[in-house]
Amino acid sequence: MVNKLYPDAASALEGLLFDGMHLCAGGFGLCGIPERLIDAIRDSGVKDLTIASNNAGIDGEGLGKLLRTRQVKKMISSYVGENKEFERQYLAGELEVEFCPQGTLAERCRAGGAGIPGFYTKTGVGTQVAEGKEVKNFDGEDYILERGIFADVAIIKGWKADESGNLIFRKTARNFNQPMATAAKICVAEVEEVVPTGSLDPDAIHLPGIYVKRMIIGAPYDKKIEFRTVRQREAA
């Protein structure tokens, strides 16, 4: 059996990174993001990256780290979020951004992973999203052509994996990780725990190990909070 487990993020990404490459990155905000792999990409100094991800984390966290070091050339995202540096670079013309409706982005990655080069959708018809795209009429309704996404490398975050790379996501941390994992030539997974092959219930596996080429154990983690909301303390 091929050993998919690497000692750290840098070694798991060795030989995969190059300037101008295209990455798919799982996660939603700070939930389910491959923190150790992002740090290793930052430390590698690779630049001119095109990254498909729902958003780019927040200032100084998640993919925001790569924005801060100016390693990103283009983001394919559905949401700027609370990342002020993302907003600033976009408005200043320093960062190319391809905005994509969230469901369409997920389907573009799923399609790319399934070998589907494009599909038609009603989402975005008549808006800026449709500019420059082919429009086709089906049964009296207009649809726009969206291209599938297929990257050089996908980086994802899982909860538990076995030694063969079969992987389980934890609750909402599944988010974009599952479609991103299939939408690249090579998928590198960061997980919290690795168990022996055969330990996981086959019906509980979210991502078959055939998609996962390399893995690292990233735990332990610090729980980051995007919005800290507390109740006003009542007067005594």
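Reply: What follows covers a surface patch, one arginine and the cavities.

Reply: This is a predicted model, in which local features need pLDDT of at least 70, side-chain atom pairs count only at pLDDT 80 or more, and totals for chains, interfaces and linings use all residues. Residues are numbered from 1 along each chain as its sequence is written, and side-chain values use heavy atoms, with hydrogens and water left out.

Me: ok, which residues form the nonpolar patch on the surface?
Reply: Tyr90, Leu91 and Phe99 form it, with about 300 Å² of accessible area together (Shrake-Rupley method, 1.4 Å probe, only the protein chains shown counting as cover for residues).

Me: and leucine 91, buried or exposed?
Reply: Leucine 91 counts as exposed because its relative accessibility is 63%, where exposed means over 50% relative accessible area, buried under 20%, and partly exposed in between.

Me: switching topic, where is arginine 108 found?
Reply: Arginine 108 is in helix H5 (residues 102-113), and it is buried, with a relative accessible area of 6%.

Me: what is arginine 108 in contact with?
Reply: Leaving aside neighbours within four places in sequence, arginine 108 contacts Ile76, Glu98, Cys100, Phe119, Glu146, Arg147, Gly148 and Ile149, a contact being heavy atoms within 4.5 Å.

Me: which residues line the largest cavity?
Reply: Among them are Leu30, Glu61 and Lys224, lining residues having an atom within 4 Å of a point.

Notes: Patch = residues over 30% accessible without salt bridge, like charges linked within 9 Å, V, L, I, M, F, W, Y side chains within 5 Å. Salt bridge = Lys/Arg side-chain N within 4 Å of Asp/Glu carboxyl O. Buried < 20%, exposed > 50% of the residue type's maximum accessible area, 1.4 Å probe, protein only. Helix = DSSP H or I, 4+ residues; strand = E, 2+ residues; numbered from the N terminus. 1 Å grid on protein atoms, 1.4 Å probe; cavity = no way out; pocket = protein on both sides within 12 Å on 5 of 7 lines; lining within 4 Å.
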